[in-house]
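I am opening my notebook on this structure. I will go spot by spot and write down what I look up.

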Amino acid sequence: MASQGQRLFFALWPEAPVSEALVALQQRHAQSPARPSHPLDLHLTLAFLGAVAPQHLPCLLEMAAAIRTPPFVLELSRIGSWRKPNILWAGPAATPAPLLELVNALNHGLRGCGLTPEDRAYRPHVTLARKGAALERQTLEGFPRWPVTEFVLASSGGASSANRYRVLKKWSLDS
Ligand code: 2AM
């Protein structure tokens, strides 16, 4: 499935109406010279793995299939920008406990598969655009709630020229 050096990450991938609302946010806030994310690429990263050698894949797939954390609702109630990296993002005001549980389970599983999770603090966000002007953090009013019932393994760089990321596999969260 993944070739040598393919960059992988676990993520939440929104469907309509959340994906449509994210595109509307991009249109409103990602002014030139910002580079908006392709609508099909919009996602919230759970764990970034970096380049993964093919021999790690069976362990990763088994580990992800064994995760038993509950579904939850994510409220993307904030928009803002960071300088490093220079991105425009949407995210929750706080990290919901079941999201943290899922992220921790994945990171624990990564270690079990011989991979090293990132050690920087987890900041859940959807990257709306890169390299744009700064935007002061704002509250989003009326953004649709995101019912999270599954998570995915995705690859970076293996997609068509239009979008950058490709969903390789999905797993349901236990209800
Ligand atoms: P970003 O959206 O803030 O750039 C694929 O690259 C996904 O993994 C992106 O969502 C990216 O976050 C995230 N990611 C997390 N850590 C990363 C890292 N060290 N390098 C590249 N992408 C990273």
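**Entry 1: a phenylalanine in a loop**

I started with phenylalanine 143. I found it in the loop between strand 8 and strand 9 (146–148). I keep in mind that this is a predicted model. Is phenylalanine 143 buried or exposed? Its relative accessible area is 16%. Buried means under 20%, so phenylalanine 143 is buried.

Alanine 21 is 122 residues away from phenylalanine 143 in sequence. Their C-alpha atoms are separated by 7.0 Å.

I then checked proline 17 against phenylalanine 143. These two are 126 residues apart along the chain, and their C-alpha atoms are separated by 9.5 Å. Proline 17 has its place in the loop between strand 1 and helix 1. Its relative accessible area is 49%, so I wrote down proline 17 as partly exposed.

**Entry 2: two more pairs across the sequence**

I moved on to alanine 154, which I found in strand 10 (residues 150–156). What is its relative accessible area? The value is 0%, so alanine 154 is buried.

Arginine 78 came next. I located arginine 78 in strand 5. Its relative accessibility is 23%, so arginine 78 counts as partly exposed.

**Entry 3: the disulfide**

I wanted to know how many disulfides a search of the whole structure finds. The search gives one. It joins cysteine 59 to cysteine 113, with a distance of 2.2 Å from S to S. The pair links distant parts of the chain, 54 residues apart. Cysteine 59 is in helix 2 (residues 57–65). Cysteine 113 is in the loop between helix 3 (97–112) and strand 7 (126–130).

Why is this disulfide left-handed? I looked up the torsion about the S-S bond of cysteine 59 and cysteine 113. It is about -90°, so the disulfide is left-handed.

I also checked how accessible each cysteine is. Cysteine 59 has a relative accessible area of 31%, so I noted it as partly exposed. Cysteine 113 is at 8% relative accessibility and counts as buried.

**Entry 4: the ligand and its surroundings**

Which residues surround the ligand? I listed Arg7, Phe9, His43, Thr45, Phe48, Ile87, Glu118, Arg120, His125, Thr127, Arg130 and Tyr165. Phenylalanine 48 is on this list.

I then looked at distances to oxygen atoms of the ligand. In histidine 43, an N or O atom of the side chain is 2.6 Å from a ligand oxygen. In threonine 127, a polar side-chain atom lies 2.5 Å from an oxygen atom of the ligand. For arginine 130, the distance from a polar side-chain atom to a ligand oxygen is 3.2 Å.

How much of the ligand's accessible area does the protein cover? On its own, the ligand has 460 Å² of accessible area, and the protein covers 79% of that. I also noted that the ligand takes up the space of the largest pocket. Strand 1 (7–12), strand 3 (44–51) and strand 7 are the elements that each give two or more residues to the shell around the ligand.

**Entry 5: backbone details**

I went looking for cis peptide bonds. One runs from serine 32 to proline 33, with omega near 15°. Proline 33 lies in the loop between helix 1 (18–29) and strand 2 (35–36). Another cis bond runs from lysine 84 to proline 85, with omega near -5°. I placed proline 85 in the loop between strand 5 (78–82) and strand 6 (87–91).

My last stop was lysine 131. What is its phi? It is near 60°, a positive value in a residue other than glycine. Lysine 131 lies in the loop between strand 7 and strand 8 (138–139). I noted again that strand 7 is one of the elements giving two or more residues to the shell around the ligand.

Notes: Residues numbered from 1 in each chain as written. Predicted model: local features only at pLDDT ≥ 70, side-chain atom pairs only at ≥ 80, totals over all residues. Heavy atoms only, no water. Disulfide = S-S within 2.5 Å. Helix = DSSP H or I, 4+ residues; strand = E, 2+ residues; numbered from the N terminus. Buried < 20%, exposed > 50% of the residue type's maximum accessible area, 1.4 Å probe, protein only. Near = heavy atom within 4 Å. Polar contact = N/O pair within 3.5 Å; in protein donor to acceptor, adjacent residues only side chain to side chain. Areas by Shrake-Rupley, 256 points an atom, 1.4 Å probe, with all protein chains shown as cover. 1 Å grid on protein atoms, 1.4 Å probe; cavity = no way out; pocket = protein on both sides within 12 Å on 5 of 7 lines; lining within 4 Å. Sits in = over half its atoms within 2 Å of the grid points.
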